[in-house]
Amino acid sequence: MRVLGVNGWPGASHDGASCLVVDGEVIALAEEERFTRNKHAYGEAPLNAAAHCLAEGGLTLDDIDVVAHGWDLPKLFRDRDLDWFADDAAALEHLLPKALFPRTRDPRLTFVNHHIAHAASAYHLSGRDRGAVLVLDGQGEDVSTTLAVGIDGEIKTLRTYTPGWSLGYFYAAVCEYAGLGSDAAGKMMGLASYGTPQDLTFGGAFGFTDEDFTIGVVPPDLRSTGSTDEETATIRHWLRHLEKVLPDAPNRSARCFDPRVGRYTKVTDRDPFEYRDIAATAQAALERAVMALVRTLLRESGETTLLIAGGVGFNATLNGKLMRMPEVRDLFVQPLAGDQGVSLGAAVWVAAQEGDRIQPMKGSVAWGPQWSPDEIRRVLEASGAAYTEPADIAAATADVLAAGGVAGWFQGRAEGGPRALGHRSMVAVPNPEQTRDRVNVRIKDREAWRPFAPSMQEEAAEALIGTTTPLPYMIVTTPVTEAGAAVMPAVVHSDRTTRPQTVAADVDPLYHRLIGKVGERTGTAVILNTSFNGRDEPVVCSPRDALATFHRLPMDALALGPFLVRRPDGALGEAGA
C-alpha cells in the first residue's frame, strides 16, 4: 500500500505537510514552510512537500493508492453550511493540481478525522501494541480533546470535549493577553518558569477535580457561524474574562515599521516578561487539567502506557510532569505533535486499516530533503564563500565550539517538526551560562529568557539528568543533577530543569560523534542545541538557506555537509561579542 499523507488546504490551513508511507514504512516527510520560507505555511497547500515525498520515493501520483488528508474537510464544511466540491476528483484537483502533479489516474482521496489522525500518529508509530491515547489541541472538526485507547491496531474513542472547552485555546488566549501572540505557546512555556502561580481558577473560570475540569466562561456548545473553527470566538470569551479578573491589563501590541530589520514587526506596550506570573498560572492550570484527564483516561482504559499527540503535546514542561506521574509507567509523545503530524497520522491510519504493519519510529524524524557533498560543493562554489573540507567535520566543528564559537550544523536529511535534533541545528558548548544570552540576544534576536536544550550522548545522560531512559525527541523536560547544572548552565532553566535530547550512536552516528568530540575537548559529552534559523523564520532546509542564514546571523562557523565555512576574519566569538 502506497499512501501519500497530507495536511494543508489552499487558503484555509496551517502547518501544511506531506509524508509518504509505503508498506507501513515512512519513506519521506516534509513541511511546506521549509520550502516556501513562510513560517507555519498559513493558507498553503503542501505542494512542495508532496513533490519532495514523491521524488524521494521515485513515484508519481499514478503510483499512489491513497491520498489521505488529516482533516475530515467534507464533514467540516458541510456541518457549517459551507460549499464543498461536487466530487473527490474536483477536491483532489484543488489540492494537488494536474498542472503540477501530472497523472493518468486519480488515487483514492480519503479524509481522516483530525483527532483520529493525531491519535494514529501517536499509537501506530509508538511501537506499543496498546496504550491510552490523549489528543489535545486547539480543535479538530468539532472537538478539542479526545481520550481514546489503542488496542490490537484499533483506536477507540472514550470521551471528547468541545472546542469551547479547548485547553489549547485557553493557553493561546493567555499568550495573546501577555503580548506574546496567540501562536506563541512555546514562548509562554519558557516564560512560566520565571513566575509564581496565582489563582489557578482564573477568577472562577476553571473548576478542577482530581479526574476532570470544567470551564465556566465559554459555553461548551459554542458554535461560530461562517467559520471553520471556534478559535476566534473562544479566545474572545477568554480575553474578556481575563481583563475582568487579572490585576494587569492586557499587553496591547501593534505592528510598526522597524528600520533596523527593514520590515514591520510587532511592538508591545510592555515587556512580556512582566506577565511571568500570569504565564506561570496558565501553565499550572493547564497541568492540573491535563493531569486530571490522564487519571481519568488511565482508569477508564485500564492502561498504564500514555500516548500523546496534538499541539498541546509540544508543552515539554507538561510532558515532564506527566512522565513523573505514578500512574504513568510508559510515556510516548509524538514529536510531530502539531498539525504537521496529521499528515503522518492520516497516512499510517489508512495503511493500518488496509492491513499494513506500521514500522514504529526509531528515534529520528529526519525524513526530509538531503543534498550530496557534490551538490553542496556546487552551491558553495556558486556563492563564492570560502570553505575547507576537513578530514573529520565533527572534529573540526568541535574545535570551533571548544574555542567558544557558535556554529551551524547542517547534515543529512532535514527533520520535521519545530525541534532541531542534530540535522539542522545551531550548536555551542553550554558553558559558561552567558552563552545562552549570546545565542538568544545577539545571534537569534529573541527574548533573553528563552531556554535552550542540550543534546547529550546517551551514555552521559544518567550523570547529567539522572535517567537512562532514552529521550531522543527533545519534547520532555527533566530535572538536572548537580553535576549537570555545573557543566551545562546555559541549558538549565530557572526551575532547574532542561529539555534534553539523548543521542544514540546507532540512530545518528555523525551527531553522536560531534558531541563526543566536544566531550574530548571539554570533559562532558553535551552541547547546546537550538534550531538553525533566525527570528520568525522556519528552520533552514537547503544549503542555500543555511548559507543565507549563516551570513545574516553573527555565527562563527557553518558545518555544511563535509565542508566548513568560517567568518572571513576567522575570529571565534567576535562576531557575537
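Ala, Val, Leu, Ile, Met, Phe, Trp, Tyr, Cys and Pro count here as nonpolar, Asp, Glu, Lys and Arg as charged, and the others, Gly among them, as polar. This is a predicted model, where local features need pLDDT of at least 70 and side-chain atom pairs count only at pLDDT 80 or more, while totals for chains, interfaces and linings use all residues. Residues are numbered from 1 along each chain as its sequence is written, and side-chain values use heavy atoms, with hydrogens and water left out.

Let's start with the second largest pocket. On a 1 Å grid over the protein atoms alone, a pocket is an open set of points with protein on both sides within 12 Å along at least five of seven lines, a cavity is a set where a 1.4 Å probe fits but cannot get out, and lining residues have an atom within 4 Å of a point. Points are joined across faces, edges and corners, and a volume is the space filled by probe spheres set on them. This pocket holds about 690 Å³. It has 39 lining residues, and Thr469, Pro470, Leu471, Pro472 and Tyr473 are the closest to its centre. By class, the lining splits into 21 nonpolar, 10 polar and eight charged residues. Among the strands (DSSP E runs of at least two residues; helices are H or I runs of at least four, and both are numbered from the N terminus), β14 (330-333) gives the most to this lining, with four residues.

Met474 sits in the loop between α15 (461-465) and β18. Its phi is near 55°, a positive value in a residue other than glycine. Another backbone feature to look at is the cis peptide bond between Asn431 and Pro432, with omega about 15°. Pro432 belongs to the loop between β16 (424-428) and α14 (434-443).

Searching the whole structure turns up four cavities of 30 Å³ or more. The largest cavity has about 120 Å³ of space, and its lining includes Met189, Phe452, His493, Asp495 and Arg499. That lining has four nonpolar, six polar and two charged residues. In the second largest cavity the volume is about 50 Å³. There, β3 (25-31) gives the most to the lining, with three residues, and the classes are six nonpolar, two polar and three charged.
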